[in-house]
Amino acid sequence: MQQTEVFEGKLTTRSRMRKFGVLLTGPGILWLLVFLLIPTVFLMVLAFAQRGSYGSIDWHFSLLNLKRLLGFSSFGWSPDNLLILWRSVKIAAFTTVLCIFFGLPMAFWIANHGKSMRAFLFALIMVPSCTNLVIRTAAWMILLGPDMFPASIARFLGLIAEGESLYPGSFAVYVGMVSSMLPFAVLPLYTSVERLDWGIVEAARDLYAGPVRTFYHGILSQMMPGIVASVILTLVPSFGMYVISDLLGGSKYMLIGNLIQQQFGSASDWPFGAMLGVVLILTSVISLVIFQRVGGKNFV
Amino acid sequence: MNPLPSSNQNFDLDIRNVHKSFGKKVVLDGINVFIKDGEFVTLLGPSGCGKTTLLRIIAGFEKADAGEIVLSGKVISDRSPSKRPINTVFQSYALFPHLNIFNNIAFGLKSHKVPKDEIERRVNKMMEIVNITDLAKEMPATLSGGQRQRVALARALVNEPDILLLDEPLSALDANLRKKLQVELRELQKKTDTTFILVTHDQDEAIAVSDRILVMYKGQIIQDGSPEDIYEHPVNRFVATFIGEANILECERVSEKLAKTNFGNLVLEKDPTWEKGGIAIRMEDIHVCTPNESFAENVYPAKILERIFRGDYWELIAELPGVGACESLKLRVMTDPDEIYNPGDQVNLYIDPQYLQVLSD
């Protein structure tokens, strides 16, 4: 039997809906094709070209950029690029973990409020994201400076020495990263908190589970799709982030994002920048796949 | 706490003077019940009567404002749900969506760190009892409602709890399956020899499965008895109309064992305690007289207004004319399928005094 549905008051068939659907998604697909797929392919091709004189592109393909990325040059081997890549992975991963860690209680806390209060709290979370990233980050530069109260408190607690400040350095980078990523982590978490079936939590307690077992099987198991979404929304952008590390990390604090920016900017070495970009994309994809396999195996 | 309770113990449940309010709303208003080991007890009442709250207090998900729960002589009111030898079958089943059926059923045993081979043995045996042996590797999402129901039962019973609580366990199933599972529930209770406490708003279900029914209304237990007892001797208007359907006659006491109604005097077996009140009569207890039958008392002329075919019986709406200035009264009467009465027929109705149930209000 042919399946029929009512669409806009008219009886329509599945196949007609499908045809109509192609028509509607067409522009979107075209957009992605022109502005995402083609540039990505171009980037991949460019990654194997060479820098010509004065920043021009020499379309002579080789694996030279990959070798450079791994640290091999005419001066011998240096670990700098690999260290930058490792540091970027580490920072993105820790930022993500911290965002989930802070985001989970926030999501529960917001879901515990009445409807209008929830909207207000969401507005509070989203407002900082409406300001410019550079301005927000510059604000942290001032706040974390040597004369401000966070530094005084840290000094009082003996965490930093006299005359030192919290900025620049990795602590400042983490503060900047987590504060700008947290809203994106909280939203999917909140959605899954709202959908929680508390009966399953009660079932775990009813079946003699202690607090940890109850949290794992009762709450975490149900929230896993939300956590996966949260991780993707946090991990991918923080891996490519360069503004925050540039402003809060100090001159020696490089992430892969900064390195790429440098190649397309002052170094005028587009092919090497493209190779770094390809590696960034691949690393993101691989880490997401690993995460899905390991973390999401039992759930998704 | 012990998943393997010793068999010579008595798991009597004593609910003592339990009170519970949510804000200003009083949900439970002094509940006192003693439930014997091995009983199948049903908490029956309309939504909002407090039956689910009482169940949740027994399970430990809610804390009573006052009163205590005593199991096998020990007060358990302050224990968390995970420390009570009581398991629950939830209304929505609440199966763990990320665990397969075997692991769902094994959950309680794993919490107690029961040895692996024993878990295997007990889970398999339980799956046999509830007839789901072929589902061990399935995920809950792929199961039908009836299958989920069985998994939920197995998951609770595999722990051999002292008491099994069931929160409207059949409400999500269709009528045929519900009837079938009612029988299975009853058999399962006998087989496992466990105290079952069931919450339902479905009076047919309560009557079909229980040894004992506690009728709850507005936070109180208003009647406590066997299904037969509650059906035949409802204490008040609420019970009379909630369990089965009954005609309620508004009466005034005239003299000892004699009451006055709109359509004449009623001879009673028991003397009412009130001056004005209600008397209930089930529709199957009103007899339509054949022309050559005669009774000394309680015979009233009536006109048939309507007849409704109910499959195994006819339901008649009969109008009894009022005496003097009184309004006439409509009664529901039940007759056998082969006794045909048509609208407009004049008949005599006989009401046997032994079936007249004097209500308290």
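**View 1. The second largest pocket of the predicted model holds about 380 Å³ of space.** Of the 18 residues that line the second largest pocket, those closest to its centre are A:Ala93, A:Thr96, A:Val231, A:Leu235 and A:Phe291. The model shown here, like every view that follows, is predicted.

**View 2. Helices of chain A contribute to the lining of the second largest pocket.** At least two lining residues come from each of helix H3 (80-111), H9 and helix H12 (270-294) of chain A, and the largest share, seven residues, is supplied by H3(A). Sorted by residue type, the lining of this pocket consists of 14 nonpolar and four polar residues, with no charged ones.

**View 3. A:Ser230 sits in helix H9 of chain A, which spans residues 211-240.** A:Ser230 has a relative accessible area of 0% and is therefore buried. Leaving aside residues up to four places away in sequence, A:Ser230 touches A:Ile100, A:Phe184, A:Ala185, A:Val186, A:Pro188 and A:Leu189.

**View 4. Chain B contains eight helices and 20 strands.** Taken along the principal axes, a box of roughly 80 × 45 × 40 Å is filled by the C-alpha atoms of chain B. Of the 361 residues in chain B, 50% are buried, and among the contacts in this chain with a separation of 6 or more, 66% are between residues 24 or more positions apart. The accessible surface of chain B amounts to about 16900 Å², and carbon and sulfur atoms account for 48% of that surface.

Definitions and conventions:
Residues are numbered from 1 along each chain as its sequence is written. Chains are lettered from A and ligands numbered from 1 in the order in which they are written. This is a predicted model: local features need pLDDT of at least 70, side-chain atom pairs count only at pLDDT 80 or more; totals for chains, interfaces and linings use all residues. Side-chain values use heavy atoms; hydrogens and water are left out. Helices (H or I, at least four residues) and strands (E, at least two) are DSSP runs, numbered from the N terminus. Buried means under 20% relative accessible area, exposed over 50%, partly exposed in between (1.4 Å probe, protein chains only). Contact means heavy atoms within 4.5 Å. On a 1 Å grid over the protein atoms alone, a cavity is a set of points where a 1.4 Å probe fits but cannot get out, and a pocket is an open set with protein on both sides within 12 Å along at least five of seven lines; lining residues have an atom within 4 Å of a point. Grid points are joined across faces, edges and corners, and a volume is the space filled by probe spheres set on the points. Ala, Val, Leu, Ile, Met, Phe, Trp, Tyr, Cys and Pro count as nonpolar, Asp, Glu, Lys and Arg as charged, and the others, Gly among them, as polar. Accessible areas come from the Shrake-Rupley method with a 1.4 Å probe; for residues, only the protein chains shown count as cover.
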